[in-house]
Amino acid sequence: MGTIGKSAVMVLAILAGSLQTLFAGSGPDCARLAGRRCAVETATAAKPKKELKTVTFSVSMHCENCVKKITENISFGKGVKGLEISLEDKKVEITYDPAKTDADRLAETIRLLGYDVERKKTDDTVQKD
């Protein structure tokens, strides 16, 4: 498609979007249309953002192989969005999608790898799972 053809397609797309907004009642001119309600939310705003949670565990790791083992088995788990491991602090912090997993399942996965796991509260006090 040539430059003129691409420009024409872009103009048509812009016009189509403007007409769709106008007739959906969500544009700046919607208040002027008699008998039409103005929409407050747009299609993109209607889609809810995923809420992620973070949990921190104290884990009985003692070497780099422990870190590697946990990383390989947790990083790609269902719902896991982020993983930070500190061997020095013996800490595993996991960010996850609560719709796909929960802190108990994550702790159990680490236990099944052969480690003792304690969940840390936000004030860094330890809570047994």
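**Group meeting: a walk through a predicted chain**

Hi everyone, let me start with the surface: the protein chain exposes about 9,500 Å², and carbon and sulfur atoms supply 54% of it. Those accessible areas come from the Shrake-Rupley method with a 1.4 Å probe, and for residues only the protein chains shown count as cover.

Before I go on, some housekeeping. This is a predicted model, so local features need pLDDT of at least 70 and side-chain atom pairs count only at pLDDT 80 or more, while totals for chains, interfaces and linings use all residues. Residues are numbered from 1 along each chain as its sequence is written, and side-chain values use heavy atoms, with hydrogens and water left out.

How confident is the predictor? On pLDDT, its confidence in each residue from 0 to 100, the chain has a mean of 75, and 56% of its residues reach 70 or more. Over residues 38-44 the pLDDT is below 50, and the model gives this stretch seven contacts beyond near neighbours in sequence; contact here means heavy atoms within 4.5 Å. Residues 123-129 also stay under 50, with 14 contacts beyond four places in sequence. Where pLDDT is low, the predicted coordinates should not be read in detail.

Now the fold. The chain has four helices and five strands, and from the N terminus they run α-α-β-α-β-β-α-β-β. Helices (H or I, at least four residues) and strands (E, at least two) are DSSP runs, numbered from the N terminus. Of the contacts with a separation of 6 or more, 51% are between residues 24 or more positions apart.

Of the 129 residues, 22% count as buried. Buried means under 20% relative accessible area, exposed means over 50%, and partly exposed is in between, with a 1.4 Å probe and protein chains only.

Let's look at helix H3, residues 64-74. Which of its residues are buried? They are Cys66, Val67, Ile70 and Ile74. These four cover an arc of only 100° around the axis, so they sit on the same side of H3; the arc is that of the directions from the helix axis to the C-beta atoms. On the other side of H3, Glu64, Asn65 and Glu72 are exposed. And what covers the buried residues? The cover includes strand S1 (53-59), S2, strand S3 (91-96) and helix H4 (103-112).

Ile110 is buried, at a relative accessible area of 0%. Leaving out residues up to four places away in sequence, Ile110 touches Phe57, Val59, Ile74, Val92, Ile94, Tyr115 and Val117. Val92 is 18 residues from Ile110 along the chain, and their C-alpha atoms are separated by 9.7 Å.

Glu108 pairs with Arg111, with the closest N and O atoms 3.4 Å apart. Both lie in H4, three residues apart, about one turn of the helix. An α-helix has 3.6 residues a turn, so residues three or four places apart point the same way. Glu108 is partly exposed at 37% relative accessible area, and Arg111 is partly exposed too, at 28%.

One last stop: Ser86, in strand S2 (residues 80-86). Is Ser86 buried or exposed? Ser86 counts as buried, at 18% relative accessibility. Beyond its neighbours within four places in sequence, Ser86 is in contact with Met61 and Lys91. Thanks, everyone!

Notes. Salt bridge = Lys/Arg side-chain N within 4 Å of Asp/Glu carboxyl O. pLDDT = per-residue confidence, 0-100.
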